[in-house]
Amino acid sequence: MASSIVGAAMVCTAVVGTAGTAHAASPARPEAASTERVLLKGSTKASYFWDDASGRQGDTGLPAIGKPMQKGLFASPSWPLGTEGYVVYNGRKAPFFIGDRGPGIPSESGVMLDIDGKTFAELTGGDFDDSSLMVTGFGAGHIKVDYVITKWGDGVGKKNYPVPFSAGAWGVYDRKPAKPIVTLASVR
């Protein structure tokens, strides 16, 4: 009886999954044999920005990472620069890397990610206007996204759930990062 309960629990866990990343491999899905390492996942409100050093629309200059503004470059008030992962909004998935700091004051209200304008437009079904650096065709400036961290950046910053810019985590090296999320696939 006990082995039946354990077996049923293992089947349920395998079907439901823990982090939504492991799937059984099959001839139709050979890519499912590989799994990703999930270091952190959660949800937050997100806004958008575009800093291309033009000075338009409050643009502050080149991003903190020293790379030109580009699709997939997000800003975080606390995660280390170079952190990688993806966000999901209404079933649409977009990869990112943290390349800038922000949002500043909005992070005090729970807005913990600044998504580049082009990715924000793709996620929401809006359009990015290169001349104004604004997303049009979408009513809200903030959206709720699910995020997954797959790689932490090497520098300073909090390697855990995001905190507001005013906490100063962006300037302190985190020696106690979040423990990776254990999935069924990672124990095989």
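1. A nonpolar core is taken here as a set of buried Ala, Val, Leu, Ile, Met, Phe, Trp, Tyr and Cys residues joined through side-chain atoms within 4.5 Å. This is a predicted model, and its largest nonpolar core holds 31 residues, of which Trp79, Val87, Leu113, Ile115, Val145 and Ile149 touch the most other members. At least two residues of this core come from each of strands S1 (40-49), S2 (73-76), S3 (84-89), S4 (92-101), S5 (111-116) and S8 (143-151), and likewise from helix H2 (117-124).

2. With its neighbours within four places in sequence left aside, Ile149 is in contact with Arg37, Val38, Leu39 and Leu40, with Trp79, with Thr83, Glu84 and Gly85, and with Phe96.

3. The structure holds 2 salt bridges. In one of them Glu122 pairs with Lys71, the closest N and O atoms being 3.1 Å apart. Because Glu122 lies in helix H2 and Lys71 in the loop between S1 and S2, the pair ties together parts that are 51 residues apart in sequence. Glu122 is partly exposed, with a relative accessible area of 48%, and Lys71 is also classed as partly exposed, at 44% relative accessibility.

4. Another salt bridge joins Lys151 to Glu84, where the closest N and O atoms are 3.7 Å apart. This pair links distant parts of the chain, since Lys151 belongs to strand S8 and Glu84 to strand S3, 67 residues apart. Lys151 has a relative accessible area of 41% and is partly exposed, while Glu84, at 33% relative accessibility, counts as partly exposed as well. Glu84 is also among the contacts of Ile149.

Key: Residues are numbered from 1 along each chain as its sequence is written. This is a predicted model: local features need pLDDT of at least 70, side-chain atom pairs count only at pLDDT 80 or more; totals for chains, interfaces and linings use all residues. Side-chain values use heavy atoms; hydrogens and water are left out. Buried means under 20% relative accessible area, exposed over 50%, partly exposed in between (1.4 Å probe, protein chains only). Helices (H or I, at least four residues) and strands (E, at least two) are DSSP runs, numbered from the N terminus. Contact means heavy atoms within 4.5 Å. A salt bridge is a side-chain nitrogen of Lys or Arg within 4 Å of a carboxyl oxygen of Asp or Glu.
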